[in-house]
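Try each task yourself before you read on.

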Amino acid sequence: MCAKEFKAGLCFLMISAVLLLLAACEPYDPTEQGTDITLDRFPVLLAENATIAVDGDLGDWPRLIPVFLESDSQVVMGSRDQTQNYSGEVRLFFDKQNCYIAADIVDTTPFTNIHRQDAIWQGDSLEIYLGFHEEEHRSFDEDDFQLGISLVQNNQTVWDWPKGQEVTERELVVKKSEKGCLLEAKIPLTHFGDFSLHAGESLWIDFGINNAVNPQGDRTGQMIWYGNKDNYKQPNSWCRAVLVEDFSTVQHPVVTGSAIMDPDKSYKTHISYKGEKWMGSVTVNNQSWETDGWGSIIISTLDEENALLWLKVNETVYFKRIFGNQQQLREFYKTAAKQKTTLPPVPDDAPYKDPKLTIEQRVENLLSYMSLEEKIGQMTQIDKSYLIYPEDLAEYAIGSLLSGGGSAPASNNPKAWLAMYNAYQEAALKSRLGIPLIYGIDAVHGHNNVKGATIFPHHIGLGAARDPELVEKVARITAIEVSATGIDWTFGPCIAVPRDERWGRTYEGFSEDPELTALLGSAEVRGFQGADLKDSTTILAAAKHFAGDGGTEGGKDQGNVILNEAEFREIHLKPYVKAIAAGVDSIMISFSSWNGEKMHSNKYLITDVLKNEMNFDGLILSDWAAVYQLPGTIKDQIEAAVNAGIDMVMVPDKYMDFINNLTELVKENRVSLERIDDAVRRILTVKFKLGLFETPLMDDSLLDKVGSPEHREIAREAVRKSLVLLKNQDLLPLSKTVKHVHVAGALAKNVGAQCGGWTIEWQGGSGYITTGTTVYDAVLNTVSAETKVSFSGDAADPGDADVIIVVLGEVAYAEMKGDKDDLSLSSYSKTLIANAEKSGIPFVVILLSGRPLIITDEIELTDAFIAAWLPGTEAQGIADVLFGDYKPTGKLSYTWPRSNSQIPINKGDGKRNPLFPFGYGLSY
């Protein structure tokens, strides 16, 4: 699934800045004169019952709303060196006495040298600017206040501006962390001056990371400003606090990065536009005022006193505040959903509740009870991050939830996932008909969203293993670990046939060969679904992405496939024939197009071919918001997709819009009731097959299976069978008793790089993102106690090593971001090989990659070369092959190109002289 695609464009800094202090409110009349409010210094922005211990561990700050600093979204300002990178979080709050600051700063360079020539403070610093302005904010204005906090642990200085003196009575703890530093501070408000404020005025806040490395006082590194290097008065990123009358009831619990007001409390504050425009667009009663276009601050008026405010940025809901009467708010949502007709309760002995009847009988009986609104609710799938209220699941009979990449519970562990699933399921079961949810997730190489789960090699590695029994075993284990957390449905297997390695999803395909893909894809379906979907350890499979996603021109994600129908069927439909024969019960539609027509509106392929000709009687699901890529209005898009044959729409956020529009389409006879019934019949059939009506909730009996040693042992087997030995000049296997092994390359200690994309987060991550064994760990585990194992990041000084193991390759990526025209090795990887070769010591290269890369020149310099693909968490399987416990058996499931200009190159296309042909692989 294309989960979280639209998160790719988020500007977290700008988003969270607004989140930091934006208050819930009544809509403010811009023509009304504001009331002067005299505050004791600053407004209360911290809950009265909250406590912050300044101890530097950030353990008590999850309740505070974050501001995210991301290096790739910043403009370097006032800098001669644009190579520094920062990211992290900053959180700032006030109570009546103090300003509280918490920061987790990631610095990709070491902390360095002198901040200024006059040495006001040493080293890097976090800078915070505060000020009140009617117009625009300008840093260093006379009425601004600046805090500069050193990030050097042993010189914890806080300097204030414009007083120009050190803040001495502050509490401050700065601790170095593995990635940078942690900082907590408490600053008395006596340093901030006195303010008499006008209701609705704005407090402007800037955050900056300042780094200077030379005695001339030149500032270097990332500054969070907008402008050129000589002028940083206009901030690139800022936040605005709207001053209010009463913060005494405001609470700030944080749930997965979102600030949510307690729905059981009432809130009444004020907001002012006063001729100033919001960042984003403001929507009041369906009327919008566009501003900077990056999001929406939506104020939905219930009546004169009550309203709902929520912030949506790039279609992601980050912030919700409820104020006014809770019952009136619920009534508002009923109105927004086209006030449904009151329906009679369902009798306890309704036939669909009887498990002794056939599934077909139960489905038809349940359909007879359902209103149009309830049917359309079943066709709606929402990402759990966008669910406004859990009660909406029952209110609108929602059919499905999903967790897209990174959409995890607040505590990402198996127990929390299970609790989350059961809580949502319990909410759904309160509907009139008691129809359970089906919950989906991208478990594409293990339960890869969950920390601590077993992560297997991606499909490209399993394709090289060419072992359908192994693939079925891997899928069986994945199903057990997914079931342990309650989840019913995985958006897999991906049975794309990648024909161009420039595609960023190449690693999700088993092979460029449709026959091999069909063989292994059908095995994975059997592993997920087992012999009976009612078994508590099985999950529903979703073959994806129908069809042709691997054949787009130029390898462009969500691109266009240009093939005649015979070629299209032979290459891209063949794996679906086998998957259907294996019993797959759901299929996801592709973002891509075929000869210019989007698959999500292709009625010929979805209905005529897939449903009718191929006799697929399961559930057809859209991809992430893909319906909204179709031409026309939202209503036109929904009409085209549903009429093409899509049964369930992964909305994933605008569920009220989807429900309302599809309801109108049926009433306008633009979508037939027969088409709706066909869709719901397929959805309900799957739910009955899964046994959800009898066992909707999951117990914790399988939790100890998640990431268990037995499962990791199978993953280790999958790793060693997936490795392809491309070159060996009598170097391998290595001796376990060799005197000195030198391991080189940062990826040797990087679980995230081993796992690749779709691991914990959508695009994956770097470092120890989950529990696993790195290549370096695996070498240490394997060699004798007398063997010396050293490490370096660059292989420049291996010392007296007898052999060097160089680990290099790609960093994690997923769809969209993974598309790449030039597949040459990075300059860093080339340097690693050059340094190892220069040493004169024999060396082997372990390549971690999601596709064949251009290695034609570099492989000539090596003594041995192994394509390890993206092996997952169990790199011990790599050591098994390196040191001879297992002879390499992997064979290339992709043709390996000699140069970028040779791409695309595939088996049977007539192109000659690849670097390595399809099926190549050495052993010893």
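This is a predicted model: local features need pLDDT of at least 70, side-chain atom pairs count only at pLDDT 80 or more; totals for chains, interfaces and linings use all residues.

## Exercise 1: positive phi

Task: find where alanine 397 lies and where aspartate 730 lies, and decide whether each is buried or exposed.

Solution. 
- Step 1. Alanine 397 has phi near 50°, which is positive in a residue other than glycine. For aspartate 730, also a residue other than glycine, the positive phi is near 60°.
- Step 2. Alanine 397 is in the loop between helix H5 (392–395) and E22. Aspartate 730 is in the loop between strand E32 (724–728) and strand E33 (740–744).
- Step 3. Buried means under 20% relative accessible area. With a value of 10%, alanine 397 is therefore buried.
- Step 4. Exposed means over 50%. Aspartate 730, at 79% relative accessibility, therefore counts as exposed.

## Exercise 2: aromatic pairs

Task: classify the pair formed by phenylalanine 546 and tyrosine 576, then the pair of tryptophan 896 and phenylalanine 916.

Solution. 
- Step 1. A ring pair is described by the distance of the centres and the angle of the planes.
- Step 2. The structure holds 14 aromatic pairs. For phenylalanine 546 and tyrosine 576, the centres are 5.1 Å apart and the planes are at 85°, an edge-to-face pair.
- Step 3. Phenylalanine 546 is in strand E25 (residues 543–546) and tyrosine 576 is in helix H10 (residues 565–581), so this pair ties together parts 30 residues apart in sequence.
- Step 4. Check burial: phenylalanine 546 is buried at a relative accessible area of 0%, and tyrosine 576 is buried at 1%.
- Step 5. Now tryptophan 896 and phenylalanine 916: their ring centres are 6.3 Å apart and the planes are at 90°, so the pair is edge-to-face. Tryptophan 896 and phenylalanine 916 both lie in the segment after helix H20 (876–882), 20 residues apart, and both are buried.
- Step 6. For a group of rings, look at Tyr352, Tyr369, Phe688 and Phe693, which ring pairs link into a cluster.

## Exercise 3: a lysine over rings

Task: which ring faces does lysine 749 lie over?

Solution. 
- Step 1. Lysine 749 lies over the face of tyrosine 776, 4.5 Å from the ring centre.
- Step 2. Lysine 749 also lies over the face of phenylalanine 791, 4.0 Å from that ring centre.

## Exercise 4: strands and their partners

Task: trace the pairing of E22 with E23, then give the strand order of the open sheet of three strands.

Solution. 
- Step 1. Strands of a sheet pair through backbone hydrogen bonds, either parallel or antiparallel.
- Step 2. Strand E22 (residues 400–403) pairs with E23 in the parallel sense, over four bridges. Leucine 402 has glycine 440 in E23 as its bridge partner.
- Step 3. Both faces of strand E23 (residues 438–441) are covered: Ile438 and Gly440 on one side, Tyr439 and Ile441 on the other, all buried.
- Step 4. The open sheet has the order E26-E28-E29, with mixed pairing. Its edge strands, E26 (560–561) and E29 (597–598), each pair on one side only.
- Step 5. E26 and strand E28 (residues 593–594) run parallel and are joined by two bridges. Valine 561 stands opposite tryptophan 594 in E28.

## Exercise 5: the largest cavity

Task: how many cavities of 30 Å³ or more does the search find, and what lines the largest cavity?

Solution. 
- Step 1. Searching the whole structure turns up 12 cavities of 30 Å³ or more.
- Step 2. The largest cavity has a volume of about 70 Å³. Its lining residues include Trp503, Arg505, His545, Asp549 and Glu815.
- Step 3. Sorted by class, that lining has two nonpolar, four polar and five charged residues.

Technical notes. Residues are numbered from 1 along each chain as its sequence is written. Side-chain values use heavy atoms; hydrogens and water are left out. On a 1 Å grid over the protein atoms alone, a cavity is a set of points where a 1.4 Å probe fits but cannot get out, and a pocket is an open set with protein on both sides within 12 Å along at least five of seven lines; lining residues have an atom within 4 Å of a point. Grid points are joined across faces, edges and corners, and a volume is the space filled by probe spheres set on the points. Ala, Val, Leu, Ile, Met, Phe, Trp, Tyr, Cys and Pro count as nonpolar, Asp, Glu, Lys and Arg as charged, and the others, Gly among them, as polar. Rings of Phe, Tyr and Trp (its six-membered ring) pair if their centres lie within 6.5 Å; planes under 30 degrees apart count as stacked, over 60 as edge-to-face and the rest as tilted. Buried means under 20% relative accessible area, exposed over 50%, partly exposed in between (1.4 Å probe, protein chains only). A charge sits over a ring if NZ of Lys or CZ of Arg is within 6 Å of the ring centre and within 35 degrees of the ring normal. Two strands pair if DSSP finds at least two bridges between them.
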